[in-house]
Amino acid sequence: MSTLTIERPTTARTADGSTSRLWGLMAEFKTPSAIFEAAGKVRDAGYRHWDCHVPFPVHGLDKQMGVKRTIIPVIVFFAGLTGCSVGFLLQAFTNATGAEWSFWAIVWVTGYPFLISGKPLLSIPSFIPVMFEITILLSALTTAGVMLLFNGLPRWNHPLLAKKRFLRASDDRFFIVIESRDGRFIRSKTEDFLKGLGAVHVEAVED
Amino acid sequence: MSGHDHHTAAPKIPQSAIVDDGRIATFARAIFAAGVIALGVGLYVGWKQGNPNQFAKIYLVDFMFVLALALGALVFTMIQHLTKAGWSPAVRRVAEAHGANLRWLWVLALPVVWLWWNGRSHDEGHGPGLDLLWPWANLEHLAAHDPAEAELVEKKSAYLNPDFFMIRNLAYFAIWALLANFYFGRSVHQDSTGSEADTKSMRKWAGPAIILFGVTTTFAAFDWAMSLSPAWFSTMFGVYFFCVCCTIGFSAIAVTLLRLKQLGFLNGVVSAEHMHDLGKFIFAFGVVFWAYIAFSQYMLIWYGNIPEETTWFAARQVGAWAWLSAALLFGHFVIPFVFLLSRWVKRWPLLLLIGGVWMMAFGWLDVWYLVVPVVPSDIGTFDTWNAFAAAHADATTGLGNPAIYLILFGMLGLSIGSAAMRLSRVGLTCRRDPRIAESIAFENF
Amino acid sequence: MTTVSSAIDRQDPGFIEVDNTVDPVSGRAPLVLGCRDFHDVTHSVCRVNEAPKAPLAWWVAFAISLSLVGFLGVCVLYLILTGVGVWGLNNPVMWAFDITNFVWWVGIGHAGTLISAILFLFRQKWRTGINRFAEAMTIFAVICAGLFPGIHVGRVWFAYWLFPIPNQMDMWPQFRSPLLWDVFAVGTYFTVSLVFWYVGLIPDLATMRDRATGKLRQFAYGFFALGWRGSMRHWHRYEVAYLLLAALATPLVLSVHSVVSFDFAVSQLPGWHTTIFPPYFVAGAIFSGFAMVMTLAVPARELFGLKNIITLRHLDNMNKIILVTGCIVGYAYAMEFFIAWYSGALYEKFAFLNRAFGQYWWAYFIMVGSNVITPQLFWFKAIRTSIPLMFALSIVVNIGMWFERFVIIVSSLANDFLPSSWDAFFPTWVDIGTMLGAIGLFSTLFLLFCRYLPMIAIAEVKAVMPQADPHGQH
């Protein structure tokens, strides 16, 4: 396993005899500092469809790869604003108005102005806790949901997950993967390049 | 944090970054002198207005503002030692320097001693006593004016009486001066010796020091602000005043650092990372925690709707005070919340400077809101809130009085001047703190 | 191939006795002991779940817990079939064990969120050793908490009235009621804690998946790992999301116990209506929660061999937090007493004197003794670092905080404004059975968690090891 058949074309024969296309190349590193250094070189070489796979977030590696800061916080801010407004409107509508409302002409609802303990119908101080809770709820669900969505998860059938050596990406090894769809990907050259980065092992990944 | 975890090579800090080249000293003298003049003029203007009660309140608000600034800076320093923080040694000196003003701020409280002395003799024509500010100090007068309140206040006279009040104040100022002196003195001592013993003793005493601080500021808040309306009470009030101190003190630390950086100091010592963290401190304590405490106090009293508690807020919701309350809601919470929420704002020096000055301004307004309004004594004679509000629709906040700003500028000038003098004398950072290297290299995630 | 298998078969690292509670004035004490590399961490944590058989102690504890759950079922069924009269409630004491247990359990949950969110924002790296099971504790505690308001309404089949669902009566919940705020606060708290916990679990589930040998394990862990493959581009968004969740959970955790305190404080009952309640309840919640984390951590690290990761330093730090929050709670007790006197109000004064010297004086002294006085022992390092003493003190705090809620609720209700309507509360066997049953439910869930999910946040622990620094030694 430690050497690689470089002459292989972009299709390869797998264990069960079916053929599959080359998906990319995977290079294994032993330490965070090794992959950190290597990642800078891959970035400088101009690759675009590449990634690092690491067992824990290596501090500063995202910056080193040139990953742009995600816009998740902005989305969450608007989710929070929405939650806050929903919380207010829900309470104002149900407890402070007698208005009628229909959801898509299916569900008809009526507000119920309800006077209790001498409080005004629109008792903003007592609406604040629920407004706050809905704000947080919607923001948190959005945060988790958008993070998974942007990451393309769940995805249970990724080519990398079929590689035996890649099992250690969730334990103690660090991988750089360059995909074959990258414009600069030339199998032999990319492979030499990865080996030159100090990888302990380079291997093809099939689709 | 990176590979320097197990050794502390003394960091190479260029002298020019942390030693005054004369500009800070010049500024300190100028602002101190301007402060003395402004304070003198302000006191003269205030005195001439012929409304001693209003004058005394203006003085009290401005005094509590500079005091809160120093207390906020002191508690910042103590928290850093309690938590053995690694990020903050680079910025701690500025906090220590502001906090060290507590060594002499008692001087500005001397007029209270004079009031107390005057009030002791019950002869006619003895001049104003403590009751100029605190109605409980003269129960006879209070009884003539508002018998119902006097009856309630009389039950508290074991606590609210002039002599005990003075003894407590003596204790507050002595404790604060002691704490500020210890944390400033030890830190400066370390600059020359680099001794780890200094750090150890500052950490060791941080716990008891914060307990002392908590107890004294709580009761100081009760004595100076809460007892202005002697019938009113709130168990939250001490925590509220703690938030006031945090708002003003933390903002002042950030503003001072940003000014120093604008002048070209602290390069390579204090970075955007530190300012980002200070911005978070202002955001967390000055904006969010303040709002939490203020809302909880307001909502519970509003909801419970017990007359002896609601009057305090009623006085703050009539006439122009309603606008001031709304200004606090938006200026102390909503606007800075949205403004300081973003990461890039906290890391952008000019924007954070604006945020810091803004928060100090609203911190001051908050003190004004706590101290100045008076619960109208006719409040019990109205049938409805609307009738009460209509009768007092002309209540004014009195914010147009130039004496306020002259005295404020005067006291701030003295405070900032002496803090700057101190920084000029001892340097701008804790250069030999054991964690200074870690602090300089610090990065947020 | 050989390197892969040999690495996995490597021997466990032994427990290494290093005193990491000594604080270097500069530099940092190590947080992970005995683990030479990242694989050691993975292995120390995963072997607990991968062991073919659970330790005997686990089975014993599980059997006891499960029978308590059975008893809980009996009590709840009896309650539902008969009515809330099976509890010792009377008029005026209409809340007693039910709400005491509710507040106690919600409070316990707070430490998990504090560790996972607030300590994260404060960059306390030691949190990584304890955050996973503290968060699990939060979720299980909130489940137990949710049980009580659910059943104390009596007719549980009308519980849906608590939610704003359009219904045939055109009626809505009353949003000015703090009991409804509770529904939203506790509901949000449960949901957000679960999301936070699950997001944290994803990378570790992937580790479990990658080490799994059997088909079932592979499928189960693999399914919930969502196909996580440690992509740094994913980690980038993950870290931002984690930070955001922490920033959202922090005010949330403050709000939850504040809302719980509003249940009491918005009323006009002396002893309940006091403005310091919100922060005081939050501090008390964190206090009791940390005590419960300690009660769980001490046996768990012994039983599952996790002393390298949950080190003495972690326990020492937790004891310091117990001390700090205990002092804050003491401050709140003192403020209440002082202001009750200062208010000059007859009923306020009476309420507090009655707490200390009335019919429930013994509960009051248990409360002050366990929450304010005994935690002061933690000023001494020898006590903070003694395993048996810290375990005993943590149980004392748990008991003390239960009595705090009991004192607040029952003493104020039993002796209110009108002496002719005073009464006393005595628990029935159903009260006590439900309380014990909830403890059984909690420990059953917790034991299942210990057996099947990684108890330590593996990826997070690795990230705080000195080897994780990309600028460190090559």
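## Cysteines

C:Cys75 has a relative accessibility of 1% and therefore counts as buried. Its sulfur lies 14 Å from the closest cysteine sulfur, which belongs to C:Cys144, and this is too far for a bond, given that a disulfide requires two cysteine sulfur atoms within 2.5 Å. The model is a predicted one, and over all chains it holds zero disulfides. B:Cys245 is likewise in no disulfide, the nearest cysteine sulfur being that of B:Cys246 at 6.8 Å. With a relative accessibility of 0%, B:Cys245 counts as buried.

## Confidence of the prediction

For the model as scored by the predictor, ipTM is 0.90 and pTM is 0.91. Chain C has an average pLDDT of 88, and 95% of its residues score at least 70. Within chain C, the highest confidence is found in helix 15 (residues 429–452), with a mean of 94, whereas the lowest is found in helix 1 (residues 2–9), with a mean of 38. The pLDDT is below 50 over residues 1–11 of chain C, a stretch that has 16 contacts in the model beyond near neighbours in sequence.

## Salt bridges

How many salt bridges does the structure hold over all chains? The count is 29. One of them joins the side chains of B:Asp223 and B:Arg168, with an N to O distance of 2.7 Å. B:Asp223 and B:Arg168 are both buried. Also in chain B, a network of salt bridges links B:Arg92, B:Arg93, B:Glu96, B:Asp191 and B:Asp433.

In chain C, a salt bridge is formed by C:Glu460 and C:Arg127, whose closest N and O atoms are 2.8 Å apart. Because C:Glu460 sits in helix 16 (residues 458–463) of chain C, while C:Arg127 sits in the loop between helix 4 (97–121) and helix 5 (131–152) of chain C, the pair ties together parts that are 333 residues apart in sequence. Both C:Glu460 and C:Arg127 are buried. A further salt bridge brings together the side chains of C:Arg209 and C:Asp210, at 2.8 Å from N to O. Here C:Arg209 has a relative accessible area of 11% and is buried, and C:Asp210, with a relative accessible area of 13%, is buried as well.

## A hairpin in chain A

Strand 4 (residues 100–103) and strand 5 (residues 107–110) of chain A pair in the antiparallel sense, and four bridges connect them. In this pairing, A:Glu100 stands opposite A:Thr110 of strand 5 of chain A. The hairpin made by strand 4 and strand 5 of chain A has three residues between the strands, and in it A:Trp104 takes a positive phi near 50 degrees.

## The interface of chains A and B

Chain A and chain B each bring 10 residues to their contact. The area buried between chain A and chain B comes to about 880 Å², with carbon and sulfur atoms giving 72% of it. On the side of chain A, the residues A:His59, A:Lys119 and A:Pro125 supply 50% of the area that this chain buries against chain B, more than any other three residues. Across the interface of chain A and chain B, zero salt bridges are found.

Methods. Residues numbered from 1 in each chain as written. Chains lettered and ligands numbered in written order. Predicted model: local features only at pLDDT ≥ 70, side-chain atom pairs only at ≥ 80, totals over all residues. Heavy atoms only, no water. pLDDT = per-residue confidence, 0-100. Helix = DSSP H or I, 4+ residues; strand = E, 2+ residues; numbered from the N terminus. Contact = heavy atoms within 4.5 Å. Salt bridge = Lys/Arg side-chain N within 4 Å of Asp/Glu carboxyl O. Buried < 20%, exposed > 50% of the residue type's maximum accessible area, 1.4 Å probe, protein only. Pairing = 2+ DSSP bridges. Buried area = accessible area lost by both parts, 1.4 Å probe.
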